[in-house]
Amino acid sequence: MKFYGLPTPVYVIDEDKLTENLEILAGVQARTGCKILLAQKAFSCYHFYPLISKYLSGYTSSGLFEARLASEEGSGENHVYCPAYLESEFSEIVKICDHIVFNSAEQVKKFAPLAGGRSLGLRINPEYSTQASEIYDPCAKYSRLGVTKQNFCGDVLSFLEGFHIHTLCEQGAEDLVSTVRAFEKSFGGYFKNLKWLNLGGGHHITKAGYNIPLLESEIKRLSDKYGVQIYLEPGEAVALNAGYLYTKVLEIVRNGMDIAILDSSAECHMPDVLEMPYRPPLKDSGNAGEKKYTYRLSSRTCLAGDVIGDYSFDEPLKCGDVLSFSDMAIYTMVKNNTFNGMPLPAIAKVKGGEYTLLKTFSYADFKSRL
Ligand SMILES: *Cc1c(COP(=O)(O)O)cnc(C)c1O
């Protein structure tokens, strides 16, 4: 199928770019002996799990449903971390997960006796912030994520084989190194008794300019010094720049500027645009005023703020034009919703210029959730 055979809106996963990212990550694993897991919360498009399983060591989950998806569709290791488990789900988690990470000593004591020989870990809060955005900072004041030094009590150590930290978001190896040093300073005394350390996600490893040699030397230093298996669990880096959202111009209205109404929505189909917030890259466009024709790109929901941003073009937009937003594989399909009864975008893939439609959605998907 060529692109014009696809419906809009549609997320198109670029399998060639995904493979390129996976090759970079597999290189890090091969050179350091670390194991890299896909954090499914960023990208759970399980059509690609057989491909991902060829390169990575496994999957990590935020709870039972993601863990089940990995066990049904992926292969390799299956890790899970959740701030609080449900008693009703824990026996199933134990069946399908090999590594279970707890968020507090209370959770360890409650669930370790039910964990049937699984490798157990505890999330630590190293209390070392390297980013300014509070909603993405697990080390921010009053954070619930992980145990601080002051609240750590050695009586749970006998249950544990690993520590887990996750403090980064779209960051470089330099921030990882300084975080690890802070972690080591407060908890390093325990590392020699552990089997593994999981350094979480937020590593922008597949982004151009990421300092891979620095990441690798830090991994090797840690595993050599303490004799531990190092895990990384990036989400974003696995599918970075490996997807597009194609959307059609439905109408153009005017109110002080030209405003294009699209068949997709920031609120429903790319919620991080409003939540994070950020400006998604758009093919063949410039900033407002940079090219001859500037438009505000918005959606057909009733939310006034459902605006993707102001972009400029060499030619005027017209109804029926298809726009291509990039970097739309991550934190999109996993977060989308049907607010306003908006249809969900279809999912397709492109490989070697050939497009394949993977999935379409309908009224039933809207109704079944309500
Ligand atoms: C979000 C998250 C990840 C993945 O983060 P990315 O920024 O997508 O790499 C990994 N581990 C945990 C515990 C997370 O919360």
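Visitor: In which kind of crossing, left-handed or right-handed, does α6 pass α7?

Guide: Keep in mind that this is a predicted model. Here α6 passes α7 in a left-handed crossing.

Visitor: At what angle do helix α6 and helix α7 pack?

Guide: Angles under 35 degrees count as roughly parallel. Helix α6 (residues 173-187) and helix α7 (residues 212-226) pack at about 20°, and their axes are 9 Å apart. So α6 and α7 are roughly parallel to each other.

Visitor: On to the backbone. Which peptide bonds are cis?

Guide: As a rule, most peptide bonds are trans, and most residues other than glycine have a negative phi. In this model, the bond from Thr8 to Pro9 is cis, with omega near -10°; Pro9 sits in the segment before β1 (10-14). The bond from Met276 to Pro277 is cis too, with omega near -20°, and you'll find Pro277 in the loop between α10 (272-275) and β12 (286-287).

Visitor: And what is phi of Glu127, positive or negative?

Guide: Positive, near 50°. Look for Glu127 in the loop between β6 (119-123) and β7 (162-164).

Visitor: Now the second largest pocket. Which residues are the closest to its centre?

Guide: This pocket has a volume of about 560 Å³. Of its 22 lining residues, Ser44, Tyr46, Met333, Ile347 and Lys359 are the closest to the centre.

Visitor: What gives the most to that lining?

Guide: That's α3, with three residues. By type, the lining of the second largest pocket splits into 15 nonpolar, four polar and three charged residues. Domain 1 (3-11 + 243-328 + 336-368) and domain 2 (33-239) each supply at least three residues of that lining.

Methods. Residues numbered from 1 in each chain as written. Predicted model: local features only at pLDDT ≥ 70, side-chain atom pairs only at ≥ 80, totals over all residues. Heavy atoms only, no water. 1 Å grid on protein atoms, 1.4 Å probe; cavity = no way out; pocket = protein on both sides within 12 Å on 5 of 7 lines; lining within 4 Å. Points joined across faces, edges and corners; volume = space filled by probe spheres on them. Helix = DSSP H or I, 4+ residues; strand = E, 2+ residues; numbered from the N terminus. Nonpolar A, V, L, I, M, F, W, Y, C, P; charged D, E, K, R; others polar. Domains from an automatic or database assignment. Axes fitted to C-alpha atoms, helices over the stretch in contact; angles between N-to-C directions. Parallel < 35°, antiparallel > 145°, perpendicular 65-115°, else oblique. Left-handed = near helix turned anticlockwise from the far one by under 90°.
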